Amino acid sequence: MGEILQQNEDFKVEMVDWQGRPAVRKSVQPTISPGRAERLQNEAYGMGFLKDLAKKHPKVNLFVPELYEIAPDYLIHEYVEAEPISAPGIPSEKIKKRLDLLAQQLADIDRIEPYGKTKFVGNFDYRDIRKGFVKWIAPPLEGGQITQRQVDAVNQIIEPLLPYLGPRISHGDLSPHRHTLLMDDGRICWLDLENFTPSGSRYYDVARAYVRLFSFENDIAIAKHFLKSFLNKAEGVEYQREQLMAIIVQRTLGMQFDAWYDDRHGTDYRVRAKQLLELVLQNKLELLYG
Ligand SMILES: Nc1ncnc2c1ncn2[C@@H]1O[C@H](COP(=O)(O)OP(=O)(O)OP(=O)(O)O)[C@@H](O)[C@H]1O
Ligand SMILES: [Mg+2]
């Protein structure tokens, strides 16, 4: 007990004992960035929302930890003992099978019409997916990771696709490495619901997970497998490819900022970020999964 699971300038996440049960306490650090602490309340909201969704729709195979306590500067929830969908050392074939389960879960959630109150919309507000662009572009442009020509090309791809974007219930920060645990009963547990919204841009979670797989897996075939798997399972709605393309391009631009930021904190995937940007700028969805 007392083991620190994660700690940065925003939050401390640690194991605690809560009334005799193993639990996790996520608390605000004194150095937290402005506006971030409020997202803890959104996390509590997301946990309640998705617990209810999981009960109403057992087919989505979703598990959400029990919320034990919520205060302005911390929350305590049930500890879940399970492996992430992907982690170093897990063989590729096993990761692919697990990603098929995640793809199925996201395809099933995608079939649910959005409902409920929106309390937080980050940069995946389906009405304005370019909200974060000013912030995301500056450092990578200055550092030479991206060029103005590429930024213009991103805008040229996204602009005509904007009318097709629609809302969907979204985790908002989905990471196959950090925020999805595969449980023994086959359900997938979602962690870190700070960015949860019932009205994120459709396919945002798919794009978020895809870009992270492209960033962190040894072989980019893993990311491609995931996207292909999702396309095989998802409902074939009108303008699906347009919506997917728009949000993957948006996330790939966000990835340029993340790669710059993470490099300064000791994790370097800038080469992968460049590689994916070149790929998406060809504006052919099939290149992203084939
Ligand atoms: N209920 C839980 N059961 C098991 N492990 C947990 C639980 N909650 C959090 N963790 C572990 O702690 C890590 C950090 O938690 P969380 O993602 O909520 O914090 P964060 O500061 O928002 O992190 P991030 O940088 O990923 O946004 C998770 O990636 C997971 O490994
Ligand atoms: Mg987080």
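Modeller: Ala, Val, Leu, Ile, Met, Phe, Trp, Tyr, Cys and Pro count as nonpolar, Asp, Glu, Lys and Arg as charged, and the others, Gly among them, as polar. On that basis, the shell around ligand 1 has 8 nonpolar, 3 polar and 5 charged residues. This is a predicted model, in which local features need pLDDT of at least 70 and side-chain atom pairs count only at pLDDT 80 or more, whereas totals for chains, interfaces and linings use all residues. Residues are numbered from 1 along each chain as its sequence is written, while chains are lettered from A and ligands numbered from 1 in the order in which they are written.

Colleague: What makes a residue one of those around ligand 1, and which come nearest?

Modeller: Its C-beta atom, placed from the backbone, must lie within 6 Å of the ligand. There are 16 such residues, with L5, Q6, V80, R178 and D192 nearest. Strand 1 (4–7), strand 2 (11–18), strand 3 (21–28) and strand 6 (74–78) each give two or more residues to this shell; strands are DSSP runs of E with at least two residues, numbered from the N terminus.

Colleague: How many residues does each domain bring to the contact, and what makes up the side of domain 1 that touches domain 2?

Modeller: Residues are in contact if their C-beta atoms, placed from the backbone, lie within 7 Å. The contact takes 17 residues from domain 1 and 17 residues from domain 2. On the domain 1 side, helix 1 (39–56) and strand 4 (62–63) each supply at least two residues, and helix 1 holds the largest share, with 9 residues. A helix here is a DSSP run of H or I with at least four residues. By class, that side of domain 1 has 10 nonpolar, 4 polar and 3 charged residues.

Colleague: Why are strand 1 and strand 2 said to pair?

Modeller: Pairing requires at least two bridges found by DSSP. Strand 1 and strand 2 have 3 bridges in the antiparallel sense, so they qualify. Q6 has V13 of strand 2 as its bridge partner. The two strands form a hairpin with 3 residues between them.

Colleague: What makes strand 1 an edge strand?

Modeller: The open sheet has 5 strands in the order 1-2-3-6-5, with antiparallel pairing. Strand 1 and strand 5 (67–71) each pair on one side only, and they are its edge strands. Within the sheet, strand 3 and strand 6 pair over 5 bridges in the antiparallel sense, with S27 opposite Y74 of strand 6.

Notes:
Two residues are in contact if their C-beta atoms, placed from the backbone, lie within 7 Å.
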